[in-house]
Amino acid sequence: MSNVTKADTGASQNPVAFFLTAGCESFAESLRKSVLASLWFIFLTFPIMVIKVDTINKTIDWRWMNMAYIGIGTFVLSFVWRWALARKELTKEESTRENISEKMLDRISSNSYAKYGFLALFAAAAVVFPHAVGMYQTNIMISCLIYIVLGLGLNMVVGIAGLLHLGYVAFYAVGAYSYALLNMHYGIGFWTALPIGALFGVVFAVLLGLPVLRLRGDYLAIVTLGFGEIVRLVLENWGDVTMGPSGISGIDRPGFFGVKFGVMDSITYAYYIMLGLLIFTIFVINRLQNSRLGRALLALREDEIASQAMGIDRTKAKLLAFALGSCWAGLAGVVFAAKTTFINPASFTFWESAIVLSVVVIGGMGSIRGVIAGAVILVLMPEYLRAFSEFRMLVFGATMVLVMVFRPQGLISAKRKIYTYVKGKSATNE
Amino acid sequence: MRGKLSFVLMAFALMGLLLAGCGGEDKKEAEAPAKKLILGVAGAHSGDLASYGLPTVNAAKLVAADINAKGGVLGMQVEVVAQDDQCKPEMATNAATKLMSDDVKIVLGHICSGATKAALEIYRDGKIVCMSPSATNPPLTQSGDYPNFFRTIASDDAQAMLEVEFAKKLGLKKLAVIHDKGDYGKGFAVFCKQFLEADSGMEVVLFEGVTPGAVDYSAVVQKIKNSGADGVIYGGYHPEASKIVTTMRKKGVEIPFLSDDGVKDDTFIKVAGEYAEGVYATGPRDISANPLYAVAEEAHKKEFGSDPGAFFFQAYAASQALLNAVEKAGGTDYDKVVEALRTQYVETPLGKIKFDERGDAEGVGFSVYQVKNGQYVELK
Amino acid sequence: MEYFLELFFGGLTRGSIYALIALGYTMVYGIIELINFAHGEIYMIGAFTGLIVAGVLGALGFPGSAILVFAIVAAVIYSAAYGFTIEKIAYRPLRGAARLSPLISAIGMSIFLQNYVMLAQTSDFLPFPSLLPELGFVKHFKGILGSSDFIIIVTTIVVCVALTLFIKYTKMGKAMRATAQNRTMAQLVGVSVDTVISVTFIIGSSLAAVGGVLIASHIGQINYYIGFIAGLKAFTAAVLGGIGSIPGAMLGGLVLGLTEAFATGYVSSDYEDVFAFALLVLILIFRPSGIMGKEKIQKV
């Protein structure tokens with residue numbers, strides 16, 4: 001695949017020929033490559049796909065059909081793979097940063113009628129959503145909204161400040177447990193717990209952040225990962241306080257000025273709460289990105305030493321980003337506890353952190369629209385893939401790899417703010 | 001600045017619209033002919049605990065096929081709808097709301113106690129009857145919070161009580177109680193510890209949790225050895241149990257190993273091999289003498305070509321009990337179905353059962369088994 | 001004292017396995033600065049290949065020692081092949097992309113491989129035959145040191161020494177060090193960076209496979225999920241020792257294994273992992289680049 005660039009000429013040919021010879025000089029060469037790939041994968045998957053042994057009864061099950069499937073499948077897929085790589089290469093110059101949906105969004109936003117029209121339409125759709133569809137759809141939509149908020153919170157740490165954080169779920173757990181415990185022991189309601197959960201998130205973030213934020217890159221990643229695991233293990237083992245692995249059940253659903261709802265209504269209600277929280281989050285993050293702090297963080301991400309020379313307080317800025325990100329995890333945790341009414345440490349494993357991080361990266365780091373797209377894909381996909389039952393996690397993993405290979409910058413990439421200078425006027429801000 | 005905010009709203013709402021599209025289709029499906037009785041089956045059908053959940057789906061399918069062949073329940077054909085929860089609470093609530101929005105009235109499941117707890121509240125408010133073949137957490141029935149919950153397996157405290165009594169019978173004095181830090185294992189271990197401490201003749205010399213999936217357990221085994229225990233009680237599932245037993249025997253620790261029904265699984269014997277010999281485990285009473293047991297086992301072999309898995313017979317009995325209750329109640333009316341479950345006996349592989357006020361099956365209990373020559377043998 | 005020794009050797013065995021896996025993490029990281037999350041899965045695939053080969057040969061009636069040799073060789077070949085292929089598919093197209101993209105690709109690969117093995121084989125635990133021979137002279141230490149513990153510790157030491165010599169004295173080792181220091185410069189002086197990276201993956205994966213077969217045979221069981229926790233711990237060990245440093249990975253693995261064993265033995269296994277991670281946090285606070293890592297000087 002080293003000679004991909006030679007396929008440039010292929011673009012002008014008809015698409016079928018381009019598909020067949022992508023990345024190769026001739027059809028014969030691509031055929032040869034595909035056969036080789038196919039043979040290689042037959043070799044690679046041979047023991048695991050074909051042989052199944054039972055060491056107790058000493059019997060061997062040979063599944064030769066699988067070998068044929070792999071051979072044919074790889075043969076076809078290798079054409080698709082080369083074609084896709086060649087296309088990625090070809091389109092590189094035209095638009096590395098923009099794709100069709102991004103362009104469409106830009107076009108819409110440049111026309112204010114279309115913009116507000118669409119905005120009103122979508123807002124209306126979001127509002128009527130729980131009434132238009134079933135409770136199940138609403139319920140998974142709440143999960144999705146929670147992940148969007150988590151993703152946006154983590155985006156602040158990873159996307160904007162550039163700190164690789166693998167223990168984000170710890171703060172989510174802190175939020176969820178602070179509501180659950182306060183509710184169990186003191187009967188504190190959802191609305192009171194919401195700011196308290198956020199506060200706890202911030203306190204924990206500062207406690208962790210102070211000593212470790214001076215670590216760089218992957219060292220920070222592993223420390224945060226370790227911290228996430230420590231929090232989960234403490235929740236699991238400190239049974240007297242956290243109820244241990246059996247978790248806390250019967251957590252109150254959010255009330256509305258003392259009114260309590262049934263299951264149906266409270267799910268709808270939780271949906272609106274999450275929707276409100278999301279809009280609030282987007283608003284705050286949007287303001288923050290362009291604030292003094294936001295710009296300081298972006299500068300730090302690009303070059304620490306240069307920005308320190310410009311007078312940015314590195315520790316303070318990083319700590320603020322870390323704390324703000326965790327604040328949202330705390331908020332989302334409270335809503336999560338109220339929504340499921342039951343929590344146990346099993347919901348706060350490292351995988352959860354990995355998924356939230358994937359939401360941010362697959363969506364497009366630093367971009368709010370991207371995070372939303374990422375959450376929609378990663379959270380809703382496994383739900384709608386229920387039809388594939390046991391294959392769904394396989395498809396899920398493969399999708400993560402493919403999205404990264406073909407769109408490494410994420411689905412919707414962040415756009416830098418551009419400040420234009422017009423002669424005679426002061427700098428304007430678009 | 002405004003522009004950016006509006007993009008975001010737009011993108012968000014766009015996704016809303018897309019979903020609304022999907023949702024619409026689902027609704028149409030739900031309006032299918034009403035001549036069907038849906039039996040929801042919820043549990044772990046994927047993930048690391050799938051081997052505990054899938055046999056339940058098989059059981060429900062077999063019972064449904066059997067009843068459908070005989071004309072169905074009240075003329076309605078029974079349809080099995082499976083929902084995966086991976087034993088995770090948040091997935092369980094999704095599965096529960098999915099079942100509820102599909103207008104399911106009777107649910108067989110869930111498999112794990114934690115997931116069951118999370119889902120039960122939704123079922124309770126939706127007036128859905130839920131029966132688990134495997135959730136053994138005592139408060140599920142004993143708290144009285146869930147009048148809609150039933151189970152065909154005895155609870156953990158009954159099992160722990162039996163385990164401790166048996167340990168006493170073996171003449172053990174100093175016990176090491178080990179658990180897997182899980183909901184089920186730790187709960188069981190805590191009950192054992194309580195019963196042991198209440199007994200003046202026995203003491204707990206070690207109470208520890210191991211991390212499931214850890215590379216090895218040699219340190220814990222050394223600790224057991226060092227504690228001077230003359231017996232080990234383990235609460236948890238078979239993968240860790242077989243690792244601990246193997247390590248113990250390899251290190252020459254030959255004291256009795258007692259465990260629970262998470263270990264009373266043939267996979268344990270398969271994996272631990274020769275080291276499994278002599279291990280004790282409590283499990284549901286041996287029912288293989290029951291003629292219906294053979295019928296169910298035969299049906300499974302014929303349909304799926306393999307031996308039934310964990311909790312299969314409990315699930316089989318639960319499906320029968322649920323469908324029988326609907327038949328006796330003359331419909332899926334919540335109160336009548338619950339009433340029928342509490343009053344009407346039903347013939348199942350577990351014997352003739354009905355349920356008490358709290359939802360536990362009467363006549364279902366535990367016995368102690370021991371591995372002898374690569375097989376679990378019931379000790380009378 | 002006997003109790004202490006027992007715990008010490010138990011910890012050493014566990015630490016050796018961590019070290020074998022950590023070497024793969026550290027080598028890959030040293031060269032392309034990627035946390036290869038799929039590395040734990042390579043270890044799992046190595047163990048599975050070993051099981052399958054052992055099963056087939058066992059059914060054909062081969063003698064025990066031949067089975068052990070063939071199982072390890074097959075596991076090494078296949079793990080190396082998987083490592084090579086994964087790098088080609090999931091990481092090579094991402095070279096030059098943002099730092100986090102290959103990380104997410106690795107997480108996706110890890111999920112994919114776990115499910116691939118689960119679907120193609122089984123989700124159940126499988127018994128792994130004990131392939132390691134019983135050594136006569138170890139019997140004197142009965143209870144303190146088993147023969148499989150002994151074999152694991154010795155193998156790890158041998159492998160580590162061999163790897164250090166390889167990196168230090170061979171041409172390929174030199175090329176690897178050059179690539180790790182400065183990829184562009186290495187290319188300029190005629191090092192084929194693609195080959196170096198492939199070789200790194202192949203060596204790292206082979207070591208993981210050796211670890212996989214040894215530990216599976218020691219413990220006696222495997223399933224598709226074993227790679228996750230082992231990988232996480234090994235990664236921790238690699239960072240603890242100073243990621244990118246080969247003696248560091250070895251040391252980090254042993255320190256981690258011993259910490260866990262003593263934490264279990266003298267405190268409680270409830271908090272075994274808490275101790276492991278707390279140690280990591282503490283060490284990194286005082287030595288931000290790990291025990292043997294070199295502090296990088298940042299220039300503008």
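Two residues are in contact if their C-beta atoms, placed from the backbone, lie within 7 Å. Residues are numbered from 1 along each chain as its sequence is written, and chains are lettered from A and ligands numbered from 1 in the order in which they are written.

**View 1. The two domains of chain B.** Domain 1 of chain B covers 36-155 + 289-364, and domain 2 covers 157-284 + 367-379; such bounds come from an automatic or database domain assignment. Between them, 11 residues of domain 1 of chain B are in contact with 8 residues of domain 2 of chain B. On the domain 1 side of this boundary there are 5 nonpolar, 6 polar and no charged residues. Here Ala, Val, Leu, Ile, Met, Phe, Trp, Tyr, Cys and Pro count as nonpolar, Asp, Glu, Lys and Arg as charged, and the others, Gly among them, as polar. Taken over C-alpha atoms, the centres of the two domains of chain B are separated by 29 Å.

**View 2. The open sheet of chain B.** In this sheet, 7 strands follow the order β7-β6-β8-β9-β10-β13-β14 with mixed pairing. Strands (E, at least two residues) and helices (H or I, at least four) are DSSP runs numbered from the N terminus, and two strands pair if DSSP finds at least two bridges between them. The edge strands β7 (203-209) and β14 (375-379) of chain B each pair on one side only. From one strand to the next, the twist averages 30°. Angles run from 0 to 180 degrees between N-to-C directions, and axes are lines fitted to C-alpha atoms, for helices over the stretch in contact.

**View 3. Strand β6 of chain B and the helices on the sheet.** Strand β6 (residues 174-179) of chain B runs parallel to β7(B) and is joined to that strand by 6 bridges. B:Leu175 has B:Val204 in β7(B) as its bridge partner. Helix α6 (residues 156-169) of chain B packs on the sheet, touching β6, β8 (231-235), β9 (257-259), β10 (280-284) and β13 (366-372) of chain B, and its direction makes about 55° with that of β13(B). Helix α7 (residues 183-198) of chain B also packs on the sheet, where it touches β6, β7 and β8 of chain B; its direction makes about 160° with that of β6(B).

View 4. Over residues 1-33 of chain B, pLDDT stays under 50, and the model has 57 contacts beyond four places in sequence for them. pLDDT is the predictor's confidence in each residue, from 0 to 100. Where pLDDT is low, the predicted coordinates should not be read in detail. Chain B averages a pLDDT of 83, with 91% of the residues scoring at least 70.

**View 5. The side of chain C that touches chain A.** Contacts link 52 residues of chain C with 47 residues of chain A. Elements that each supply at least two residues of the chain C side are α2 (39-60), α3 (64-91), α4 (100-120), α9 (226-241) and α11 (272-286). Helix α4(C) gives the most, with 14 residues. By class, this side of chain C has 39 nonpolar, 11 polar and 2 charged residues.

**View 6. Surroundings of C:Ile229.** C:Ile229 lies in helix α9 of chain C. Leaving aside neighbours within four places in sequence, C:Ile229 is in contact with B:Gly213 and B:Ala214. The C-alpha atoms of C:Ile229 and C:Gly40 are separated by 7.8 Å.

Note on methods: This is a predicted model: local features need pLDDT of at least 70, side-chain atom pairs count only at pLDDT 80 or more; totals for chains, interfaces and linings use all residues.
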